[in-house]
Amino acid sequence: MQSTFRYPSGYVKSENRIRIYSIRIGWEFETRNTLLLAWTINLCFRVELLFSDYMKSFRENMADFLESGQIIEVEIGLGPAGELRYPSYPQNQGWVFPGIGEFQCYDKYLKAEFKEAASNAGHPEWELPDNAGEYNEKPEVTEFFRSNGAYDTERGKFFLTWYSNKLLSHGDQVLDEANKAFLGCKVKLAAKVSGIHWWYKDDSHAAELTAGYYNLKDKDGYRPIARMLSRHYAILNFTCLEMRDSDQPAEAKSRPQRLVQQVLSGGWRENIKVAGENALPRYDRSAYNQVLLNARPNGVNRDGPPKLKMFGVTYLRLSAELLQPKNFKIFKIFVKNMHANQEYCADSEKYNGRIDLLERSKPAIPIQELLEATKPVEPFPFDEETDMSIGGFLADLIDNLIERIASTFN
């Protein structure tokens with residue numbers, strides 16, 4: 001059993017309503033499962049401690065499940081949709097794919113923090129960007145993200161480093177509290193990172209930058225996250241495993257396959273376990289084959305465990321459509337091939353390995369050491385196709401033919 005812990009919506013209230021996020025035009029809003037910028041809020045108590053109490057309560061109330069091994073992983077929600085990111089592309093505020101999103105740092109607290117950081121760096125004149133566009137714009141129409149834009153200037157680089165470091169620090173602080181809460185449990189912690197694949201092929205990587213991932217062709221924005229997770233013995237959970245580059249509209253400049261390859265490789269290079277899930281409901285062989293490839297990028301090793309393999313895959317999700325005869329038939333083949341076409345084994349430790357008692361987090365990693373991980377390294381090579389394919393065009397053709405014959409007789 002996998003359990004996901006996410007912050008309750010609107011958990012912290014007071015007479016003076018707490019303003020969680022603020023975009024450039026001054027429109028402030030709260031978001032479900034939000035990344036609470038606890039370090040910017042001047043309260044009579046620390047927000048981290050409130051969540052710490054929540055997690056400790058979860059441990060106490062779920063003690064039977066934890067002790068029996070029915071809960072082996074707890075995913076800690078670190079932002080919107082449980083993901084470690086800023087809410088830069090909220091659909092309920094009008095964002096539409098593939099908009100670049102907006103930076104989320106224009107409340108008075110973060111403005112003051114940025115001003116202080118800029119002053120300490122010898123640039124008291126620097127302000128937060130006011131030229132990065134709006135939710136649904138494209139990079140090239142903004143002064144900040146266009147070719148040779150402000151993102152690539154000294155001021156832009158300083159801002160993006162500060163912005164992404166805030167996110168990294170937030171994740172580290174909350175996971176440290178989670179580690180304390182579940183210390184000694186036979187369980188692993190996990191954190192989810194968002195698969196922002198649109199504009200990946202654009203030089204600016206605009207949608208990733210507004211979400212807090214400072215990822216460019218000469219800078220790895222994900223490996224520092226993996227390095228931070230390593231001190232908490234946490235799993236990196238990624239998404240969009242089912243997507244192929246060819247599935248995406250050309251105007252989005254999307255490259256999900258390369259993004260998945262980069263993020264998983266960064267996790268493996270930091271010697272942490274990686275897991276993942278599909279981003280959208282899919283029931284076709286092409287999507288399943290892509291998930292199988294990412295789960296074992298170099299295929300099955302007949303002589304032992306493969307060198308590169310994911311710790312686990314979450315399938316989204318059980319639905320009436322999945323249970324349609326054709327879809328469920330394909331899904332059952334996918335599940336068996338995910339287990340390398342082996343028969344059912346009741347011993348769960350043979351799948352995920354031994355789950356040990358959670359140890360106390362290692363000492364905090366200095367920010368400069370985390371930032372050393374931004375140096376880009378070529379990702380591990382992935383095979384072109386999975387060696388455990390569940391079929392392709394011909395198999396689909398046969399399925400459709402059988403379905404048509406069956407419907408005729410019915």
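Is Asn327 buried or exposed? In this predicted model, Asn327 turns out to be buried, because its relative accessible area is 13%, and the cut-off for buried is under 20%. The residue sits in helix 9, which covers residues 325-338. Setting aside neighbours within four places in sequence, Asn327 is in contact with Tyr283, Glu321 and Leu322.

Before going further, a word on confidence. The mean pLDDT of the protein is 87, with 86% of its residues reaching 70 or more. Residues 1-45 are another matter, with pLDDT below 50. That stretch still has 126 contacts in the model beyond near neighbours in sequence.

As for the overall layout, the protein contains 12 helices and 8 strands. It has 410 residues, and 51% of them count as buried. Met55 belongs to helix 1 (residues 47-61), and it counts as buried because its relative accessibility is 0%.

Now to the interior. In soluble globular proteins, nonpolar side chains tend to be buried together. Here the largest nonpolar core has 90 residues, and the members touching the most others are Ile76, Phe103, Phe159 and Phe182. Helix 4, spanning residues 154-182, gives the most to this core, namely 11 residues. There is also a second, separate core of 5 residues, including Ala190, Ile235, Phe311 and Ile355.

One nonpolar surface patch of about 550 Å² is made by Phe393, Leu394, Leu397, Ile398 and Ile402. Leu394, one of these patch residues, is found in helix 12 (residues 393-409). With 58% relative accessibility, Leu394 counts as exposed, since the cut-off for that class is over 50%. So Met55 is buried at 0%, whereas Leu394 is exposed at 58%.

Terms used:
Residues are numbered from 1 along each chain as its sequence is written. This is a predicted model: local features need pLDDT of at least 70, side-chain atom pairs count only at pLDDT 80 or more; totals for chains, interfaces and linings use all residues. Side-chain values use heavy atoms; hydrogens and water are left out. A nonpolar core is a set of buried Ala, Val, Leu, Ile, Met, Phe, Trp, Tyr and Cys residues joined through side-chain atoms within 4.5 Å. Buried means under 20% relative accessible area, exposed over 50%, partly exposed in between (1.4 Å probe, protein chains only). Helices (H or I, at least four residues) and strands (E, at least two) are DSSP runs, numbered from the N terminus. Contact means heavy atoms within 4.5 Å. pLDDT is the predictor's confidence in each residue, from 0 to 100. Patches are made of residues with over 30% relative accessible area and no salt bridge: like charges are joined within 9 Å, nonpolar side chains (Val, Leu, Ile, Met, Phe, Trp, Tyr) within 5 Å. Accessible areas come from the Shrake-Rupley method with a 1.4 Å probe; for residues, only the protein chains shown count as cover. A salt bridge is a side-chain nitrogen of Lys or Arg within 4 Å of a carboxyl oxygen of Asp or Glu.
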